[in-house]
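Have a look at the structure first, then read on.

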Amino acid sequence: MSSRLSAFAALNNSDSEDENVDYENTPLTNQNSTSIDLGVGPVRSADNDSSQYTSNEALNSSTVILVEGENIVHHQGFQLIGLNCDETLIFKGQYSVLVISGSVIIEMFELKESKELYVNASDLNSFPSITTSKSQQKIIPPFSKPFNTVIKVSNVTDDLNMNDISKLYPHLKNMYIPEHPLNKSTTTFGNWSYTFANLIMPEPNRISTTVSRSWKACFDQLISNFRRTERSKTVLIVGNKNTGKSTYLRLLTNYILSQDLTQTIQILDIDPGQPEMCPPNCIALAETTRPFIGTHDPQVIQSKITTKFIGFNSPNIQPLNYLYQLGKLLKLKEKERNKITIINSPGWVKGFGTEIMSHLAESTEISYLVQLSADHRDLDILKELNWSFETEVIKLESVSKLANVSTYSPAIIRNYKLLSYTHFDQLHRKFDFNPLIFKSPYMLPYIGATNQLNKMKSFAGVVGISAFETNGLEVSTLIECLECQYAALVTVNADEISLLVDSKKLTSNSKLPILIEDSNIQKVDSKFYGFCIIHSVDTKNQIFNIYTPIEVDKLAQSLLSNAEKLILVKGKQQVVIEEMYSNQIIKGDAKYWSSFGFECLPYLTPGLTTDVVGGKTVGVRRNIQRH
């Protein structure tokens, strides 16, 4: 391997091997009597006291007892809390925290005076902890004694409240509800209720986010080296599945944003299975100016983003398309001075994973390669690829050994991300978890098969449909496969329509939409506007009836300009059965279908598919029945 292995490797065992080392009194740059050298100049000590950020022991409850009138004052919708140095609070639920005096550390991000932050602390992730940083004590009304920090913790607004997702998807019914009775008691005070609970007692199998000292030392030295150069820096995070790549991404991003190095960080998120910055089955290049705290909902946190539709949760199902779309994002990756980019890679470290890393190494300059593993062994991608000599390899212990607490399957987490995406109104910036079928769908016109390409270029609607991995399907069969399914709304340049359509297969006066081979759609650059769920296809009036959370006016304006042409593309992602067959529809007061003379939802029967564990989906064709 041509790249240099940094002396960080000597620090990797600092959390486990030598129990006799006094880490509390040993400088981070001299643990185990080994200096940390990333090879880009002399090492400087970190500016911040690491004790404010790190703990090798995971906390599972708050470390301070809150007493009304002494260090907490309840109000309707919010609480004022006074904290002294090193006191930590852990909340479960949804809330915003505003620092009135002093500052706090939340998942490696320093929230300073007069700054406010939205927090989604759910069971899907470890709970964020709020720890007081070292600041001068002050007396802040309504308190009569001094505190290092005074914070205001407020209920989440109704628009962003996600509690109702459990009504639609019962698998998440306890996502925000504390299990311990004492914790549950903190959600009310008199007649007031709160959208968060103070964890005064541990919750089963739940802990706060833990940052090991080796991770913190790595963050410190990266920051120190970032300060020395105005060149662009790229950090690539690699590791097997469930080794903490997304956790490392979030914590490093938060820490960088706390250091006043830059106001914007680029995130290249290339794991379509569980992406952080975009919906499942996609990859993205995003610019973020805000930290990632708790469960990250990218649709809530607005950022500049370019998304590419992959169609599957694994890169190796259509590897050529994956590499093509990845290449498009890499070309967009800016190389401005002092630009910091973090790449979150998929959990593939062998086979096609090696090809992905080779593609990255050839297409962009990797400044730092961070390997996360439980046993510190070199991954194959470190041995087999010719990384640049300038690439620093940093080997760290994975987070799974420290804090692997998630009890939700990957399928349920993906369903959560799909439902939170689909039910977030991007125009009005609010959640609505009523079943989509309660609403009228948008009517999206499509053009029937025609032998006039000019007519297609001037049409302001859907000019074609495509479905990945469906070779041999006819248009009439594809219609059934599209109904009650997710599809991507993508556009291509109007001048490239002729590259997509086989003119020999076009027929005049057809009421059916134009079928575009998936191999053709993957040859041209496309723009992803978002997902939709196809309610039905009206072939008589040539209309797709769809549900979508995107700002449809923006899409309409683009189509009316005739510069972009719209195509519906279906991947493998299936609609969660509760979307069409939830308790809100079949039970209780709703009785939705009875108003139409039905005893149950027509055309659909609920059923489990073998590829989803822990959640029902609507299968393609198999569960569609016609009278």
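## Ground rules

This is a predicted model, so to speak of a local feature takes pLDDT of at least 70 and side-chain atom pairs count only at pLDDT 80 or more, while totals for chains, interfaces and linings use all residues. Residues are numbered from 1 along each chain as its sequence is written, and side-chain values use heavy atoms, with hydrogens and water left out.

## The whole chain

The protein chain has 16 helices and 27 strands; these are DSSP runs numbered from the N terminus, with helices being H or I of at least four residues and strands E of at least two. Of its 627 residues, 57% count as buried, meaning under 20% relative accessible area with a 1.4 Å probe, protein chains only.

Take the contacts (heavy atoms within 4.5 Å) between residues at least 6 apart in sequence: 76% of them join residues at least 24 apart.

Strand 25 (residues 526–538) and strand 26 (residues 543–547) pair in the antiparallel sense over five bridges, and Ile 534 stands opposite Ile 546 in strand 26.

## Helix 5 against helix 6

The axes of helix 5 (residues 319–332) and helix 6 (residues 352–363) come within 11 Å and cross at roughly 25°; axes are lines fitted to C-alpha atoms over the stretch in contact, and angles run from 0 to 180 degrees between N-to-C directions. The two helices are therefore roughly parallel, the label for angles under 35 degrees.

Among the residues meeting here are Tyr 322 and Leu 326 in helix 5, and Phe 352 and Ile 356 in helix 6.

## A loop residue

Where is Thr 407? It is found in the loop between helix 8 (400–403) and helix 9 (410–422). At 53% relative accessibility, Thr 407 counts as exposed, a label that needs over 50%. Thr 407 and Asn 125 are 282 residues apart in sequence and 9.5 Å apart in space, C-alpha to C-alpha.

How values were computed. Two strands pair if DSSP finds at least two bridges between them. Angles under 35 degrees count as roughly parallel, over 145 as roughly antiparallel, 65 to 115 as roughly perpendicular and the rest as oblique.
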